[in-house]
Amino acid sequence: MEHVQEYPPPVAPSAYQPLATRVSVIGPEYCYPQPVDLAVVRKVLTISEGKFAVSDINGNIMFITKGKIFSIHDRRLLTDAARNPVCTLRHKIMTVHDRWQVFRRESTEEKDLIFTVKRSSMIQLKTKLHVFLATNPKENVCDFRVEGSWLERSCIIYSGESNTILAQMHKKHSVESVLLGKDKFMVTVYPNVDYAFVVALIAILDGINHDDDE
């Protein structure tokens, strides 16, 4: 009798179980009851703006990142397809654990802080970031974490210290991407998870690793 596998692998669509509570960080309008597949194209050859673009699986642009003039290396703006600001990513350069702060729209005021991201340790062979919401100023326990390999584009975003997956990356190669100097990978955001929040985390991952390259 042929063996039938009862449980599909984690990346199968049927395995995406909606979370009991919605994970809304930047805004509930970015939470969808079904899995959201995003394509991220990192333009390796650009200098200041349009570091990467995020589209849906049909190629429709959803988000882009832009570097601020005169502060390219420490501030980036995430906008939607209509170029409306979603959040500002600020890199606090003189910090031990490579700290990034994310603020609402174009603000960098403390009252508009949404969350903070920092490396779990200074020396890392694999990516491990801790994410703390603005409502968690003591930062004793992280609200989210990112683990995996940026080099292999295989990072996973988890809820707190649990094994609950919120989003995961998948590497995509093409002849066109190699010729044009572009790096493309896919991100699957699980149901009821804020996909703008996930995109902001990926923009920070890109920023951290871009700085490392330099």
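The side chains of Lys111 and Glu109 form a salt bridge with an N to O distance of 3.9 Å, where a salt bridge is a side-chain nitrogen of Lys or Arg within 4 Å of a carboxyl oxygen of Asp or Glu. The structure is a predicted model, in which local features need pLDDT of at least 70 and side-chain atom pairs count only at pLDDT 80 or more, while totals for chains, interfaces and linings use all residues. Residues are numbered from 1 along each chain as its sequence is written, and side-chain values use heavy atoms, with hydrogens and water left out.

**Overall architecture**

- The protein chain has two helices and 12 strands; these are DSSP runs numbered from the N terminus, with helices being H or I of at least four residues and strands being E of at least two.
- Along the sequence, the elements of the protein chain follow the pattern β-β-β-β-β-β-β-β-β-β-β-α-β-α.
- Of the 214 residues in the protein chain, 47% are buried; buried means under 20% relative accessible area, exposed means over 50%, and partly exposed lies in between, with a 1.4 Å probe and protein chains only.
- Among contacts (heavy atoms within 4.5 Å) between residues at least 6 apart in sequence, 38% join residues at least 24 apart.

**Salt bridges**

- The count of salt bridges comes to seven.
- Side chains of opposite charge can pair when their charged atoms come close.
- In the pair named at the outset, Lys111 is exposed, with a relative accessible area of 66%, whereas Glu109 is partly exposed at 46%.
- Lys118 and Glu139 are joined through their side chains by a salt bridge of 3.4 Å, N to O.
- Lys118 belongs to strand E7 (residues 113–119) and Glu139 to the loop between strand E8 (127–133) and strand E9 (144–148), so this pair ties together parts that are 21 residues apart in sequence.
- Both Lys118 and Glu139 are buried.
- Arg99 is linked with Lys118 and Glu139 in a network of salt bridges.
- The side chains of Arg145 and Glu147 meet in a salt bridge at 2.7 Å, N to O; Arg145 is buried at 6% relative accessibility, while Glu147 is partly exposed at 24%.

**Aromatic pairs**

- Six aromatic pairs are counted; rings of Phe, Tyr and Trp (its six-membered ring) pair if their centres lie within 6.5 Å, and planes under 30 degrees apart count as stacked, over 60 as edge-to-face and the rest as tilted.
- One of these is the edge-to-face pair of Phe115 and Phe197, at 5.0 Å centre to centre with 85° between the planes.
- Phe115 lies in strand E7 and Phe197 in helix H2 (residues 195–213), so this pair ties together parts that are 82 residues apart in sequence.
- Phe115 is buried, with a relative accessible area of 0%, and Phe197 is likewise buried at 0%.
- Phe197 also forms a tilted pair with Phe144, at 4.9 Å centre to centre and 55° between the planes.
- Phe144 is buried at 7% relative accessibility.
- Tyr30, Phe63 and Tyr195 form one aromatic cluster.

**Charges over rings**

- Arg145 lies over the face of Tyr158, at 4.2 Å from the ring centre; a charge sits over a ring if NZ of Lys or CZ of Arg is within 6 Å of the ring centre and within 35 degrees of the ring normal.
- Arg153 lies over the face of Trp150, at 4.2 Å from the ring centre.

**Nonpolar core**

- The largest nonpolar core holds 48 residues, of which Ile26, Leu38, Phe63, Phe115, Val187 and Val189 touch the most other members.
- Helix H2 gives the most to this core, with 12 residues.
- A nonpolar core is a set of buried Ala, Val, Leu, Ile, Met, Phe, Trp, Tyr and Cys residues joined through side-chain atoms within 4.5 Å.
- Leaving aside residues up to four places away in sequence, Val189 touches Pro35, Val36, Leu38, Leu166, Ala167, Tyr195 and Val198.

**Cysteines**

- The structure holds zero disulfides, a disulfide being a pair of cysteine sulfur atoms within 2.5 Å.
- Cys31 is buried at 13% relative accessibility, and Cys155 is buried with a relative accessible area of 1%.
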